[in-house]
Amino acid sequence: MTDNKIRCAVAYRLDGGKGSPKVTMLAKYDHAGKATSDGGTLYGARDKNFADAVAVVIKNDPPSSVSDAGVIGGFKVVTSDMHQVIYGADDKGLCLCVIAGLKYPSRTAIQMLTELYGKFAPKFGLQAQSATVNSLTTKSKPMLRAVCEKYDDLSKVDKAKSVLGQVDSVKGKMQNNIAGMLSNTEKADSLAERSNQLNEQANVFKKKSTDLKKHMRCKNLKMTLILSGVVIGILCIILIPLIRKSKEN
């Protein structure tokens with residue numbers, strides 16, 4: 001599985017040097033088992049005894065040496081086909097580990113372990129030097145749970161992811177704005193084209209109306225001339241005989 005969820009957090013004590021130390025599990029918190037209804041399907045039905053499995057990983061590839069006291073470092077990231085194990089230790093052998101999905105940012109996991117160490121070491125550091133297997137689980141469970149719950153929501157702790165999310169949001173808004181501008185431009189072009197068509201139609205109508213007006217004027221003139229000719233002809237027919245008759249008398 002390639003999710004970005006936290007599986008669990010574990011605290012160990014490393015004894016016997018850095019070559020192949022003895023690894024003692026001091027405390028563990030199964031965050032995936034709490035988050036899923038079937039007791040941890042995020043493990044893919046494998047690695048149920050995750051604390052022992054991680055202990056083997058740490059024994060075979062222990063954290064790098066840390067020279068400064070009171071700090072956690074020497075972080076290692078080991079991946080499998082389903083999980084990644086991120087862990088580090090201080091100069092006294094207190095080792096903190098988180099198991100997460102393959103898509104969980106390792107930089108955020110290291111940030112989580114650093115924050116957890118700042119709380120775990122002052123409270124349980126002395127006890128961790130001589131504590132027996134799993135003896136600190138009950139005492140440290142609230143602390144482990146709180147850190148796991150906080151870092152399981154990447155939007156609250158991964159600033160890079162948060163910034164990328166904001167960039168994507170702004171990018172989406174800009175794309176929508178550009179799409180709106182292009183749509184408005186297309187509409188404006190369409191309106192301009194339609195306006196030009198209307199202007200052309202108006203010019204054609206004006207020309208046709210002018211031609212029709214001239215045609216009607218000529219037609220009216222012809223009708224006037226014809227009617228005048230008819231009236232003159234009728235007058236001639238009536239008046240000429242009368243004139244002749246008057247001359248004869």
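Predicted model: local features only at pLDDT ≥ 70, side-chain atom pairs only at ≥ 80, totals over all residues.
Q: Which residues in H3 meet which residues in H4?
A: Contact means heavy atoms within 4.5 Å. Here Thr108, Gln111, Met112, Glu115, Leu116, Lys119, Phe120, Lys123, Phe124 and Gln127 in H3 meet Lys139, Ser140, Met143, Leu144, Val147, Cys148, Lys150 and Tyr151 in H4. The residues of this contact divide into 9 nonpolar, 4 polar and 5 charged, where Ala, Val, Leu, Ile, Met, Phe, Trp, Tyr, Cys and Pro count as nonpolar, Asp, Glu, Lys and Arg as charged, and the others, Gly among them, as polar.

Q: At what angle do helix H3 and helix H4 pack?
A: Axes are lines fitted to C-alpha atoms, for helices over the stretch in contact, and angles run from 0 to 180 degrees between N-to-C directions. Helix H3 (residues 106-128) and helix H4 (residues 137-152) pack at about 165 degrees, with their axes 10 Å apart. That makes H3 roughly antiparallel to H4, a term for angles over 145 degrees.

Q: Is aspartate 3 buried or exposed?
A: Buried means under 20% relative accessible area and exposed over 50%, with partly exposed in between (1.4 Å probe, protein chains only). Aspartate 3, in the segment before strand E1 (6-15), has a relative accessible area of 18% and is therefore buried. Of the 249 residues of the protein, 31% count as buried.

Q: With which side chain does the side chain of aspartate 3 make a polar contact?
A: A polar contact is a pair of N or O atoms within 3.5 Å; within protein, one must be able to donate a hydrogen and the other to accept it, and residues adjacent in sequence count only if both atoms are side-chain atoms. The partner of aspartate 3 is the side chain of arginine 7, at 2.8 Å. Arginine 7 lies in strand E1, and its side chain also reaches the backbone oxygen of methionine 82 at 3.5 Å.

Key: Residues numbered from 1 in each chain as written. Heavy atoms only, no water. Helix = DSSP H or I, 4+ residues; strand = E, 2+ residues; numbered from the N terminus. Parallel < 35°, antiparallel > 145°, perpendicular 65-115°, else oblique.
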